[in-house]
Amino acid sequence: MEEVVKKETKSEVFQKAFWLYMIGNILGFLMEGIWCKFKYGRWESHVVSMIGPFCLIYGIGAALFYLCGRRLKNKNIFIQFLFSCLVGDVVEYICGYILEYGLGMRAWYYGRYFLNINGYICLFMTIVWGFVGLIFIYFVMPIWDKFYEKIKGKILTKICYILAMIMLIDFIFTMICITRWSYRHKGVESKNKVINILDRKYDDEYMTKRFNEWRFIKK
C-alpha cells in the first residue's frame with residue numbers, strides 16, 4: 001500500500017520559513033559578535049534592527065535558502081550550487097545597493113577581494129553562498145522539516161503570527177530611524193513633531209553605537 005504524503009499548506013511553509021528567519025537573525029548576531037571577539041578582541045553587536053538582537057540579513061538569507069531549497073531539492077547538485085550562489089549574491093547586491101544609493105552608507109565592502117562587483121559581492125562570497133545553499137538542502141531542510149512536524153500546533157502557529165507582526169513593526173521602525181539618521185547626515189531637518197522626538201531619542205551617537213559597522217560614504 002502506497003504511503004500518502006500530506007501536502008503542506010501555505011501557512012505551514014510560511015511558519016517553517018519564518019522560524020528559520022528568526023533563528024538566522026539571532027545566529028547571525030551571535031556569529032558576528034564571536035567573529036569580532038576572535039579577530040579584534042572585542043564584542044561587536046552587528047544588529048540590523050532597533051529592537052532586539054537581530055541581524056536581519058542572516059534571517060532573510062536563511063528563509064530564502066530554505067524556500068529555494070524546497071524548489072531545488074530534486075535538481076542536479078550543480079544547478080543547486082549555482083542557484084544558491086545566485087540567491088546569496090542577489091540579496092547582498094540589493095542590500096548593498098540600497099544602502100549606498102538610498103542612504104549613502106555601507107555595512108560591508110568587498111572592494112579588495114578578487115572579482116568583485118561594486119564591492120557588494122565577490123567571487124569568494126559567491127562560492128560561500130553556493131555551499132551554504134547545499135548545506136541547507138542536504139542537512140538543514142531534512143532535519144528542520146522533521147523537527148517542525150514534532151512541535152507544530154495551534155499554539156506555535158499563534159505565536160508565529162504574533163511574532164511576525166512584532167518583527168514587521170520592528171522592521172518599519174528600524175527603516176524610519178535609519179532613514180532619519182541618513183537625512184540628518186545630509187542636513188535635512190524635520191518639521192514633524194514625532195520625527196523630532198525620534199531624532200532626540202535615537203540621535204547620531206545612539207545610531208552609530210547600535211549600528212557600529214555601518215559607515216557613511218565620503219563623497
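Is aspartate 204 buried, exposed or partly exposed? Select Asp204 and keep that in mind: its relative accessible area is 35%, so aspartate 204 is partly exposed (buried is under 20% relative accessible area, exposed over 50%, partly exposed in between, with a 1.4 Å probe and protein chains only).

Before moving on, a word on what you have open. This is a predicted model, where local features need pLDDT of at least 70 and side-chain atom pairs count only at pLDDT 80 or more, while totals for chains, interfaces and linings use all residues. Residues are numbered from 1 along each chain as its sequence is written, and side-chain values use heavy atoms, with hydrogens and water left out.

**Stop 1: the H5 arginines**

Aspartate 204 makes a salt bridge with arginine 184, with 2.8 Å between the closest N and O atoms (a salt bridge is a side-chain nitrogen of Lys or Arg within 4 Å of a carboxyl oxygen of Asp or Glu). Aspartate 204 sits in helix H7 (residues 204-210) and arginine 184 in helix H5, so the pair links parts 20 residues apart in sequence. Helices here are DSSP runs of H or I, at least four residues, numbered from the N terminus.

Now pick aspartate 199 and arginine 180, another salt bridge, again with the closest N and O atoms 2.8 Å apart. Aspartate 199 belongs to helix H6 (residues 193-201) and arginine 180 to H5, so this pair ties together parts 19 residues apart in sequence. Aspartate 199 counts as buried at 14% relative accessibility, and so does arginine 180 at 8%.

**Stop 2: ahead of H1**

Jump to glutamate 8 and arginine 70, whose closest N and O atoms are 2.6 Å apart in a salt bridge. Glutamate 8 is in the segment before H1 and arginine 70 in helix H2 (residues 56-72), so the pair joins parts 62 residues apart in sequence. Glutamate 8 counts as partly exposed at 24% relative accessibility.

**Stop 3: H1 against H5**

Finally, show residues 10-40 (H1) and 154-185 (H5), which pack at about 55 degrees with their axes 10 Å apart. Axes are lines fitted to C-alpha atoms, for helices over the stretch in contact, and angles run from 0 to 180 degrees between N-to-C directions.

Conventions
Helix = DSSP H or I, 4+ residues; strand = E, 2+ residues; numbered from the N terminus.
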